[in-house]
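Q: I have this protein open on my screen. Can you walk me through it?

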Amino acid sequence: VGRELKPVSMSYLDYTDYRAQSHAVQAMTLVDQGTRNLTRADAPPLRLNAARVNANFFSLIGVRPILGKEFSPGDDLKGATPVVLLSEGLWRTSFGADSSVLGRTIQLNAKPFTVIGVASSAINYPKSVDAWLAYIPNEDDFDPTNRGAHFLGGIGRLAPGATAQGAKAELATIAAALAAKYPATNTNFGATAVPLREAIVGDVHGALVVLFACVGFVLLIACANVANLLLVRASGRESEIAVRTAMGASRSQIMRQLVTESVFLSTTGAVLGTALAAWIISAVRSFGPRGVPRLDEVTIDGRVLLFTAIVAVITGVLFGLVPAIHAAKTNLGQMLREGSRGSSGRRGTARTRSALVVTEMALAVVLLVGAGLMSQSFARLLKVDPGYTPDHVVTMSLALPSQKYPWDAEQIAFANTLLEQLRAMPGTQDAAVAFGRPLSEDGMHITFERNGEAPSQPGNRNVADIRFVTTGFFQTLGMKLTAGREFAETDRANAPQVVVVSQAFVKKFYPTESPIGKRITLGYGWQRSAAKTDTASAGGTIVGIVADIKSRGASSAAPETVYLPYAQTPITDVSVLVRSTAAPSLVLDLARARIREIDRDLPIFDAKPMTDVVSNAVSQPRFYTILFGAFAAIALLLAAVGIYGVISYTVTQRTRELGIRIALGASRQGVTRLVVGQGIMLTGAGIVAGLAGAYGLTRFISTLLFGVEAFDAPTFAAVAVVLLGVASVASWIPARRAARVDPLIAMRAE
């Protein structure tokens, strides 16, 4: 995997040039990820994630099929019989893990494909692929006018001795040469290469590193607590250790015994923790977002068990060593002379315990500050106005197979029939069909020109998002019209072309004038008649302006968007939107039934209320916030236990002193303040160190924050107050016990 590279998107002709001219990349394969409809007579239709690849794909990544064979060299040549490899998951769930599937013909988008193999689940790129098809180029791929169709990805394997950086530089050089040779299509299109592992992990790498650091912090706090407990235990065994020493036991033998006990405790805790982790992992997978790569594959395997064992042994040795060293220094003669009044050794032990508590507090402060910042960020994300009203709206996705709906007229007829059926359902207020629903990834970026103005230059093109919508789209989503009009039934295929634009579009491209009545031409053309004789330039006259929507997510700025009427620019992959007063589950069931009445072979997928779509859009930050908060809560609890343990043991050691103080006239409130004050002093030192550490470390989570600075003074102050409060309570419990000491009993016991 470390020697596989993932180039950026490119056209087919660009790919052939990269493949022919690159020396650092030994082998290269195209990857075109999309979707296909699987239709079978014996099962409901399914929507599959499919990837078209070259015949060398499986040999390049070094993973053989678990059943059947991989592509043959001729499977991606013109005229080859279409073949497919199923994913292991699809094979097991939809074909019952039946080996006789080999040689069977299945229908993908109404086109026959022969199953030749089953791909291993070990393949993790592209992610979530259900079927692999051989990429068979057609005449359009070789058309020089289509060099600007940059939509293909790819994977390469480095040549022997080559490096990722060298491949990156070489591909960039080739891209620059292509841009110079084909300025109209390749200007501003570069090329790069990144390790495949990095491409899979993507932008969650930083978040995973931060969460791993949180785990480390919690581990250190827990170890500090255990070390403190072992110090207390060692202090209580001073007589035993002194006797052992007097009887000839060496310091190394005593240390080995105590360290062995520490390792036994840590490994026992590791076993119990592993059992608890197995339950927690299933819970995390259930609410985790889809954006975290391979989260569903997380499990406790041999590597995890080995890592856990190593950590348990190392922490057992390291944090058992300090108590062992202190205990091994016990001097029999000195102990007999001083009795239980304390010794310099005990005072040294007390300093060590205090230092451990200060460290715990500092680490807890860092985690609490991070959790506070993440919580504020998530709260502000939830308050962002998406620009539409998702309540009482349901959505589902469809993909019309081009073999069955090859012409625009047929696609438009399907949409019109579907809308008529949906609007007739009980409780329906409005319905729409669209390509590019809000908060989805199926939008499209496109260049355009403003008619009547100088054309934009290759290095500074006008670019906007483009979405195809039917009448009723804006009303269904509750989007506000700010000027002009919405699309009407009269905006048909042969009517004058019109578009509606967003306020962000107006602000950027028409900042000083109204765009109503202006005309734009989008950077592509299409044939809109069944005979494909009527070719028109896409675009039209701007007839309306609508409010912005957060179509790329709550944390991203609203994009400049152009809306086109579906009746003038139909497309096969669409989302269905229905606003209804009925329950979402009922609306979804009725809508499914209406779609199946029109075309029973169409798979329906991503069916859910729009409120779920909105919730899923913030699922990743919510996931990180919950995990961060959980780590911080554990750290706070451990820190409170640590301060309680130290103060409680100190009270036990100072029983005689406190009894004398009370006998000499000290008030019980004064004794309480004295003990609590000790806890506050330790906590204060930890808070100061922790705030300094948080100031330096929170910048590493700045990419996870929205609307919150990494150094947010109120958050830092709130954490300090909370920790002081918790420490005060943890110290007050043993302080209360200290204030109840009976002087006579304390001195008699001494």
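Q: Let's start with R450. Which strand is R450 found in?
A: R450 is in strand β13, which covers residues 444-450. Keep in mind that this is a predicted model.

Q: What does R450 touch, leaving aside its neighbours within four places in sequence?
A: R450 is in contact with N462, F509, Y510, R519 and I520.

Q: How many residues apart in sequence are R450 and F509?
A: They are 59 residues apart in sequence. In space, their C-alpha atoms are 8.9 Å apart.

Q: Let's zoom out. How many helices and strands does the protein have?
A: It has 22 helices and 21 strands.

Q: And what share of the protein's residues is buried?
A: Buried residues make up 47% of the 750 residues.

Q: What about contacts between residues at least 6 apart in sequence? How many of those join residues at least 24 apart?
A: 79% of them do.

Q: Now the largest nonpolar core. How many residues are in it, and which touch the most other members?
A: The core has 55 residues. M361, L367, V369, F628, I643, I701 and L723 touch the most other members.

Q: Which elements give two or more residues to this core?
A: They are α7 (205-236), α12 (344-383), α18 (619-653), α19 (655-663), α20 (668-697) and α21 (713-739).

Q: Which one gives the most?
A: α18 does, with 14 residues.

Q: Back to I643. What does I643 touch, not counting residues up to four places away in sequence?
A: I643 touches V357, M361, G679, L682, T683, A727, A730 and S731.

Q: What about the second, separate core?
A: That core has 43 residues. Its members include M425, Y510, I545 and L564.

Q: Now helix packing. At what angle do α20 and α21 pack?
A: The angle is about 150 degrees, and the axes are 8 Å apart. Angles over 145 degrees count as roughly antiparallel. α20 and α21 are therefore roughly antiparallel to each other.

Q: Is that crossing right-handed or left-handed?
A: The crossing of α20 and α21 is right-handed.

Q: Which residues make the contact?
A: From α20, they are R668, V671, T672, V675, V676, G679, I680, T683, I687, L691, A694 and Y695. From α21, they are F716, A720, L723, L724, A727, S728, S731, W732, A735, A738 and A739.

Q: How do the residues of the α20 and α21 contact divide into nonpolar, polar and charged?
A: 17 are nonpolar, five are polar and one is charged.

Q: Next pair, α13 and α16. At what angle do their axes cross?
A: Helix α13 (residues 408-423) and helix α16 (residues 584-598) cross at roughly 140 degrees. Their axes come within 10 Å. That angle makes α13 oblique to α16. The crossing is right-handed.

Q: Which residues meet there?
A: F414, T417, L418, Q421 and L422 of α13 meet A591, R594, I595, E597 and I598 of α16. The residues of this contact divide into six nonpolar, two polar and two charged.

Q: And α1 with α4? At what angle do they cross?
A: They cross at roughly 130 degrees, with the axes coming within 10 Å. Helix α1 is residues 12-21, and helix α4 is residues 164-181. α1 and α4 are therefore oblique to each other. α1 passes α4 in a right-handed crossing.

Q: Which residues of α1 meet which of α4?
A: D14, D17, Y18 and Q21 in α1 meet E170, L171, I174, A175 and L178 in α4. Five residues of this contact are nonpolar, one is polar and three are charged.

Q: Change of topic: backbone. What is phi of N109?
A: Phi of N109 is near 55 degrees, a positive value in a residue other than glycine. N109 is in the loop between β6 (105-108) and β7 (111-119).

Q: Is N109 buried or exposed?
A: N109 counts as buried, because its relative accessibility is 14%. The cut-off for buried is under 20%.

Q: And H392, what is its phi?
A: Phi of H392 is near 65 degrees, again positive in a residue other than glycine. H392 sits in the loop between α12 and β11 (393-399).

Q: Buried or exposed, this H392?
A: H392 is exposed, with a relative accessible area of 55%.

Notes. Residues are numbered from 1 along each chain as its sequence is written. This is a predicted model: local features need pLDDT of at least 70, side-chain atom pairs count only at pLDDT 80 or more; totals for chains, interfaces and linings use all residues. Side-chain values use heavy atoms; hydrogens and water are left out. Axes are lines fitted to C-alpha atoms, for helices over the stretch in contact, and angles run from 0 to 180 degrees between N-to-C directions. Helices (H or I, at least four residues) and strands (E, at least two) are DSSP runs, numbered from the N terminus. Angles under 35 degrees count as roughly parallel, over 145 as roughly antiparallel, 65 to 115 as roughly perpendicular and the rest as oblique. A crossing is left-handed if the near helix is turned anticlockwise from the far one by less than a right angle, and right-handed if clockwise. Contact means heavy atoms within 4.5 Å. Ala, Val, Leu, Ile, Met, Phe, Trp, Tyr, Cys and Pro count as nonpolar, Asp, Glu, Lys and Arg as charged, and the others, Gly among them, as polar. A nonpolar core is a set of buried Ala, Val, Leu, Ile, Met, Phe, Trp, Tyr and Cys residues joined through side-chain atoms within 4.5 Å. Buried means under 20% relative accessible area, exposed over 50%, partly exposed in between (1.4 Å probe, protein chains only).
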